[in-house]
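Student: I would like to learn how to read packing features from a structure. Could we go through one case, feature by feature?

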Amino acid sequence: MSVKALFDLSGRVALVTGGSRGLGLQMAEALGEMGCKLAITARKADELEEAKAHLRARDIEVESFVNDLSKFDQIPGLVDRVVERFGTVDVLVNNAGATWGAPAEDYPDAAWHKVMDLNVNATFFLSREVGRRCMIPAKAGKIIVIASAAGLKGTPPGMNTIAYNTSKAAAIHFARTLASEWGPYNINVNAICPGFFPSKLANGLIEKLSDTLLARTPLRRIGGEEDLKGAVVFLASEASRHITGQALVVDGGASII
């Protein structure tokens with residue numbers, strides 16, 4: 001098989017959660033450009049419509065599905081709608097997430113549960129549903145968990161994001177464990193661990209800590225609008241067919257210092 005063929009995603013169906021903006025939209029665009037049919041989901045209908053128009057303007061086949069993944073009972077229905085529209089799911093990108101900042105000693109119970117429910121529980125429930133409905137019967141599939149470089153370490157002074165860091169560490173180990181269980185079904189499960197990228201979740205911290213972040217990053221920049229595209233295409237394609245249970249860090253080298 002040629003190298004170009006290894007990266008070709010023509011005809012594959014990719015479901016991207018949190019696909020209406022930010023990193024989710026960046027990854028959806030990359031998968032669509034490489035040939036995927038896209039199902040994007042998020043909570044806000046207006047943002048999904050904007051994202052769908054953006055993708056269709058690039059000749060990408062895409063449908064949007066309004067869904068709140070924190071309402072776990074809605075997850076089977078979401079998969080029903082995607083399968084009804086596209087027939088299956090070949091690639092699942094678990095990107096939807098939440099964060100909350102507060103000192104550990106004052107961290108609200110509701111905030112802890114919100115972060116864990118979306119970043120860990122919803123990722124499991126959706127992966128389980130897609131796996132048993134689509135990927136296990138097909139003996140093929142790619143699951144990509146968007147974790148974070150924050151899942152590899154504690155928090156710098158002033159960040160106070162204990163639930164987020166904990167949830168992203170769990171997401172990394174979720175990918176490792178599911179990869180070990182579903183490898184015999186020819187399903188690859190990997191994590192991407194972005195560092196700081198402009199997003200609704202991170203913009204406040206980037207603004208507050210900009211100089212410090214750049215000084216601690218060997219490449220002296222934060223992530224940009226193209227910097228996750230190669231990673232997600234690689235892990236969604238046959239180019240990564242012998243890679244599973246891994247966490248690919250995309251952070252400009254910040255985590256090595």
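Student: Which residues is Leu69 in contact with, leaving aside its neighbours within four places in sequence?
Tutor: Contact means heavy atoms within 4.5 Å. With neighbours within four places in sequence left aside, Leu69 is in contact with Thr17, Ile75, Leu78, Ala96, Leu118, Ala122 and Leu126. The model is predicted, with local features needing pLDDT of at least 70 and side-chain atom pairs counting only at pLDDT 80 or more, while totals for chains, interfaces and linings use all residues. Residues are numbered from 1 along each chain as its sequence is written, and side-chain values use heavy atoms, with hydrogens and water left out.

Student: How many residues does the largest nonpolar core have, and which have the most contacts inside it?
Tutor: A nonpolar core is a set of buried Ala, Val, Leu, Ile, Met, Phe, Trp, Tyr and Cys residues joined through side-chain atoms within 4.5 Å. Buried means under 20% relative accessible area, exposed over 50%, and partly exposed in between, with a 1.4 Å probe and protein chains only. Here the largest nonpolar core has 35 residues, and Leu15, Leu69, Val82, Leu126, Val130 and Ile143 have the most contacts inside it. Two or more residues come from each of strand S1 (13–17), helix H4 (75–86), helix H5 (109–138), strand S5 (141–146), helix H6 (162–182) and strand S6 (187–194). These labels are DSSP runs numbered from the N terminus: helices are H or I with at least four residues, and strands are E with at least two. A second, separate core has 31 residues, including Leu9, Leu31, Ile144 and Ala236.

Student: At what angle do H4 and H5 pack, and how far apart are their axes?
Tutor: Axes are lines fitted to C-alpha atoms, for helices over the stretch in contact, and angles run from 0 to 180 degrees between N-to-C directions. For H4 and H5 the angle is about 45°, with the axes 10 Å apart. That makes H4 oblique to H5. Angles under 35 degrees count as roughly parallel, over 145 as roughly antiparallel, 65 to 115 as roughly perpendicular and the rest as oblique.

Student: Which residues of H4 and H5 meet?
Tutor: From H4 there are Ile75, Pro76, Leu78, Val79, Asp80 and Val83, and they meet Ala122, Phe125, Leu126, Glu129, Val130, Arg133 and Cys134 in H5. By class, the residues of this H4 and H5 contact are 10 nonpolar, no polar and 3 charged. Ala, Val, Leu, Ile, Met, Phe, Trp, Tyr, Cys and Pro count as nonpolar, Asp, Glu, Lys and Arg as charged, and the others, Gly among them, as polar.

Student: At what angle do H5 and H6 pack?
Tutor: The angle is about 20° and the axes are 8 Å apart, so H5 and H6 are roughly parallel to each other. The H5 and H6 contact divides into 13 nonpolar, 6 polar and 2 charged residues. Among the residues that meet are Trp112, Val115 and Phe124 in H5, and Ile162, Phe174 and Trp182 in H6.

Student: Is the crossing of H5 with H6 left-handed or right-handed?
Tutor: A crossing is left-handed if the near helix is turned anticlockwise from the far one by less than a right angle, and right-handed if clockwise. H5 passes H6 in a right-handed crossing. H4 passes H5 in a right-handed crossing too.

Student: What about H2 and H3: at what angle do they pack?
Tutor: Helix H2 (residues 22–33) and helix H3 (residues 45–56) pack at about 30°, with axes 11 Å apart, and are therefore roughly parallel to each other. Leu25, Ala28 and Glu29 in H2 meet Ala51, His54 and Leu55 in H3. The residues of this contact are 4 nonpolar, 1 polar and 1 charged.

Student: What is phi of Asn160?
Tutor: Most residues other than glycine have a negative phi. Phi of Asn160 is near 55°, a positive value. Asn160 lies in the loop between S5 and H6 and is partly exposed, with a relative accessible area of 32%. Asn186 has a positive phi of about 65°. This residue, Asn186, lies in the loop between H6 and S6, and its relative accessible area is 45%, partly exposed.
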